[in-house]
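Please have the sequence and the 3D view open as you read.

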Amino acid sequence: MRGEPSCPKCGGRVRAPGLFADTWQCDAHGTVHPVQPVIPPSVEALEVVVHRTQVPVWMPWPLPVGWLFTGVACAGDDRGGGRATAVACSGPGPLGGMGELILVAEELGVGLGARYAGIDGPDPGPYMSVEKPPQAKVLAAGRPTPLWHVAGAPDDRAVFAGEALGLWVWAVVWPEQSGLLMYDELVLTDLRDAGAELELVPCGALSPRLLEP
């Protein structure tokens with residue numbers, strides 16, 4: 001588990017603001033919004049991210065039967081607040097076995113979604129055929145939200161992306177066949193609006209997917 005901030009685009013080490021730069025810096029990507037260290041999933045961990053972020057914290061709610069919350073990550077610092085969030089959930093896959101889902105909300109150019117998608121980022125636009133009908137739809141904050149398949153991802157996962165509340169929303173699902181989950185019109189709730197219901201979120205073990213570079 002990482003104990004220090006990392007680059008949202010590559011997972012590498014970043015330098016804190018200092019004498020020569022007033023922003024976080026990655027050697028490969030320049031100025032970035034650092035991903036804060038990931039801590040084990042708990043209601044308290046969710047509350048920390050919910051209270052500091054400037055972007056939605058999307059979670060399927062209610063969770064599909066048998067699914068658990070398995071971690072949260074946030075890119076940003078104390079000065080500017082969270083600029084990207086990633087929520088991991090795990091449970092029975094539609095075709096058997098275990099499925100894993102990471103939902104990312106982020107501002108343009110942050111690159112956290114592309115990192116989990118396994119593509120060159122920072123944004124999904126070049127990999128989406130938006131002139132075609134969307135391959136999936138979710139209900140995000142009460143609004144129908146189309147998601148398009150993102151091309152170029154590794155074969156072990158299915159990746160979808162779209163726009164919700166003026167920000168990118170990514171859905172990355174493992175294994176690839178568990179992408180069928182996205183055809184059930186999941187209802188996504190912004191946990192910033194969940195209030196006391198946040199305490200009802202069932203927690204599982206930390207998903208190693210959140211820690212992958």
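## An enclosed strand

Let's begin with strand β6, residues 81-92: 10 of its 12 residues are buried, so the strand is largely enclosed by the rest of the structure. Buried here means under 20% relative accessible area. Please keep in mind that this is a predicted model.

## The partners of β6

Which strand does β5 join through 9 bridges? Strand β5 (residues 68-77) is joined in this way to β6, and the two run antiparallel. Within this pairing, Leu68 stands opposite Ser90 of β6. The two strands form a hairpin, with 3 residues between them.

Strand β7 (residues 98-106) also pairs with β6, in the antiparallel sense and over 9 bridges.

## An aromatic pair

How many aromatic pairs does the structure hold? There is 1, formed by Phe160 and Tyr183 in an edge-to-face arrangement, with 6.1 Å centre to centre and 90 degrees between the planes. Phe160 sits in strand β10 (residues 158-164), while Tyr183 belongs to the loop between β11 (167-174) and β12 (187-190), so the pair ties together parts that are 23 residues apart in sequence.

Are the two residues buried or exposed? Phe160 counts as buried because its relative accessibility is 2%, whereas Tyr183, at 45%, counts as partly exposed.

Conventions: Residues numbered from 1 in each chain as written. Predicted model: local features only at pLDDT ≥ 70, side-chain atom pairs only at ≥ 80, totals over all residues. Heavy atoms only, no water. Phe/Tyr/Trp six-rings, centres within 6.5 Å; stacked < 30°, edge-to-face > 60°. Helix = DSSP H or I, 4+ residues; strand = E, 2+ residues; numbered from the N terminus. Buried < 20%, exposed > 50% of the residue type's maximum accessible area, 1.4 Å probe, protein only. Pairing = 2+ DSSP bridges.
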